[in-house]
Amino acid sequence: MNFGLIVIGDEILSGKRQDKHLSKVIELLGARGLALAWARFVGDDRARITATLRDAFASGDVVFSCGGIGATPDDHTRQCAAAALGVPLELHPQARELILERMRDVAAEQGVPFEPDRPDNVHRLNMGVFPRGATIVPNPYNKIPGFSVGDVHFLPGFPVMAWPMIEGLLDGRYAALHGSQRQTERSVIVMGSMEATLTPLMEAVEREHPAVRVFSLPSVDHPQYGRHIELGVKGPAGEVEAAFAQLRSGLQVLGVMLGPEMVRT
């Protein structure tokens, strides 16, 4: 099962705010032996969000969508999810109770009466209006839930809320997948060669070891190695050793200058 990430919001694309979700989701998945397969960034445009979510629902992947699930005019994610699914929006009963509970808590903290029929409180219930058939994603930060439709999960844009919600999903619903995508990397620094020269060797290694992927990371101004290529293989641990041995043997035949070797898990 692949994992994907969608980050929604004009503020990310304009640079007003720096995205923090991508690196954190990679970290959360990696700590559980899982990996991020893809990521997409989308502004606050309903047509683009709807198209992106339609792709997510059709992908069969586990997708975390961060942002745009509030109830202000620039929040479009709930409406776009419903449009992508072709279903109506409706107030989720469990979400309604959680939002009311949160409003009750805030009133108590402020020492004021709880007034559920006050216009602003009635408006807050819109945060629990989800596509029909959705289930809630608990929010341990302030109780205002996100929602899921199948394996596509909709979370707030705030990291302090979204990240614990993602962890809850990974350690609950997807706990059985932990370790299923764990990979090992072995690589070596290659100096004095060009990628075009190394490509036939890379192709040969992938032909011989279908479970392994070969990678080439060139650098032109590294402070220690200068112009060089980090050449390596990644995949299941049991396959990587044989593939790397073939790669290294081929490099010796080419007579290139080799630097340090690296192992990453």
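How do the residues of the lining of the largest pocket divide into nonpolar, polar and charged? They split into 14 nonpolar, 8 polar and 8 charged. Here Ala, Val, Leu, Ile, Met, Phe, Trp, Tyr, Cys and Pro count as nonpolar, Asp, Glu, Lys and Arg as charged, and the others, Gly among them, as polar.

This is a predicted model: local features need pLDDT of at least 70, side-chain atom pairs count only at pLDDT 80 or more, and totals for chains, interfaces and linings use all residues. Residues are numbered from 1 along each chain as its sequence is written, and side-chain values use heavy atoms, with hydrogens and water left out.

**Stop 1: the largest pocket**

Select Arg17, Gly68, Pro156, Gly157 and Phe158. Of the 30 lining residues, these are the closest to the centre of the largest pocket. Its volume is about 720 Å³. (On a 1 Å grid over the protein atoms alone, a pocket is an open set of points where a 1.4 Å probe fits, with protein on both sides within 12 Å along at least five of seven lines; lining residues have an atom within 4 Å of a point. A volume is the space filled by probe spheres set on the points, which are joined across faces, edges and corners.)

Now colour strand 1 (3-8), helix 1 (10-14) and helix 7 (159-171). Each supplies at least two lining residues. (Helices, H or I of at least four residues, and strands, E of at least two, are DSSP runs numbered from the N terminus.)

**Stop 2: the second largest pocket**

Go to Leu34, Ala35, Leu36, Gln181 and Gln183, which lie nearest the centre of the second largest pocket among its 17 lining residues. The volume is about 530 Å³. Helix 2 (21-30), strand 2 (36-42) and strand 9 (184-191) each give at least two residues to this lining.

**Stop 3: salt bridges**

The count is 17 salt bridges. (Each is a side-chain nitrogen of Lys or Arg within 4 Å of a carboxyl oxygen of Asp or Glu.)

Show Glu27 and Lys24, paired at 3.1 Å, N to O. Both sit in helix 2, 3 residues apart, about one turn of the helix.

Next, pick Arg186 and Glu261, whose side chains meet at 3.0 Å, N to O. This pair links distant parts of the chain: Arg186 is in strand 9 and Glu261 in strand 12 (residues 257-264), 75 residues apart. Arg186 is buried at 17% relative accessibility; Glu261 is partly exposed at 34%. (Buried is under 20% relative accessible area, exposed over 50%, partly exposed in between, with a 1.4 Å probe and protein chains only.)

Finish at Glu115, Arg118, Asp120 and Arg124, linked in a network of salt bridges.
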